[in-house]
Structures are given as structure tokens and as C-alpha cells.
Amino acid sequence: MAAAGSGTPLEEEGPSGEAAAPQPQAPTSAPGARLSRLPLARVKALVKADPDVTLAGQEAIFILARAAELFVETIAKDAYCCAQQGKRKTLQRRDLDNAIEAVDEFAFLEGTLD
């Protein structure tokens with residue numbers, strides 16, 4: 001029997017009074033939850049716009065969409081930290097510039113916002 005609202009199963013007693021091993025449960029996600037927040041059709045259209053790409057499988061499109069989401073999330077968090085240092089809550093372009101300069105992984109972006 002599971003505790004009300006906890007979502008985790010409790011150990012049940014077997015016929016001999018001993019605690020039975022908890023049954024493994026498959027991970028569940030909320031109904032209608034999307035694995036990717038970016039529209040995959042749009043990502044596929046961007047990939048196909050590259051003349052060097054002839055075929056792009058659904059798995060590749062999904063991975064590219066997920067990588068783009070993680071990239072945007074990471075740079076946005078770093079830029080937000082720069083905004084907080086300036087005691088602001090609103091991101092500005094200079095916050096992105098500061099994040100690009102401060103984080104070595106973003107070095108390839110230097111000069112792209114000019």
C-alpha cells in the first residue's frame with residue numbers, strides 16, 4: 001500500500017508476516033508531458049536547410065533539439081547570474097556578453113552578437 005500522495009510504495013507484509021520486497025515501478029511522467037520543448041518539425045526544417053545534410057533521422061533531430069534546449073538553458077542561467085551581480089532581474093544583451101566572456105565553454109560565441 002502506498003502512502004497517500006507520496007507516490008512511493010511502502011513495503012507490504014507477505015503471508016508469513018515478513019516484509020515483501022518492494023515491487024519496482026516504471027518511471028512515469030505526467031500525461032501529455034513532452035520530452036522536447038522545441039518543436040521537432042522546426043528543428044528538422046533547420047537541419048534540412050543545411051545543404052550538406054541529406055538525411056536526418058528522428059533520433060538525431062530529437063538529440064539536436066534537446067542539446068539546443070540545454071545550451072539555451074545554460075547560457076541563460078549564466079547570463080542571469082551576471083544580471084544578478086548588477087542587482088537586476090531582467091536579462092540584457094550585456095549580460096549575455098558578460099556570460100560569453102566569463103565562461104570558457106562559450107568562447108566560440110565571442111563576436112557573434114556584434
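## Glu-69 in helix 2

You'll find Glu-69 in helix 2, residues 58-85; helices here are DSSP runs of H or I with at least four residues, numbered from the N terminus. Setting aside neighbours within four places in sequence, Glu-69 is in contact with Ser-36, Arg-37 and Leu-38, where contact means heavy atoms within 4.5 Å.

A word on the model: it is predicted, so local features need pLDDT of at least 70 and side-chain atom pairs count only at pLDDT 80 or more, while totals for chains, interfaces and linings use all residues. Residues are numbered from 1 along each chain as its sequence is written, and side-chain values use heavy atoms, with hydrogens and water left out.

## Phenylalanine rings

How many aromatic pairs are there? The count is two, with rings of Phe, Tyr and Trp (its six-membered ring) pairing if their centres lie within 6.5 Å; planes under 30 degrees apart are stacked, over 60 edge-to-face, and the rest tilted. Phe-71 and Phe-106 make an edge-to-face pair, because their centres are 6.0 Å apart and their planes sit at 90 degrees. Phe-71 belongs to helix 2 and Phe-106 to the segment after helix 3, so this pair ties together parts 35 residues apart in sequence. Phe-106 is buried at 4% relative accessible area, and Phe-71 is partly exposed at 34%.

Phe-71 also pairs with Phe-108, this time tilted: 6.3 Å centre to centre and 45 degrees between the planes. Since Phe-108 is in the segment after helix 3 too, that pair bridges 37 residues in sequence. Together, ring pairs link Phe-71, Phe-106 and Phe-108 into a cluster.

## A nonpolar surface patch

Phe-108 is exposed, with a relative accessible area of 57%, and its place is in the segment after helix 3 (93-102). Along with Phe-71 and Val-72, Phe-108 forms a nonpolar patch on the surface, with about 310 Å² of accessible area together. Patch members have over 30% relative accessible area and no salt bridge; nonpolar side chains (Val, Leu, Ile, Met, Phe, Trp, Tyr) are joined within 5 Å, like charges within 9 Å.

## Cysteines

The structure has zero disulfides, a disulfide being a pair of cysteine sulfur atoms within 2.5 Å. Cys-81 is in none, and the nearest cysteine sulfur, that of Cys-82, is 7.0 Å away, too far for a bond. Cys-81 is partly exposed at 41%, whereas Cys-82 is buried at 15%.

How values were computed
Accessible areas come from the Shrake-Rupley method with a 1.4 Å probe; for residues, only the protein chains shown count as cover. A salt bridge is a side-chain nitrogen of Lys or Arg within 4 Å of a carboxyl oxygen of Asp or Glu. Helices (H or I, at least four residues) and strands (E, at least two) are DSSP runs, numbered from the N terminus. Buried means under 20% relative accessible area, exposed over 50%, partly exposed in between (1.4 Å probe, protein chains only).
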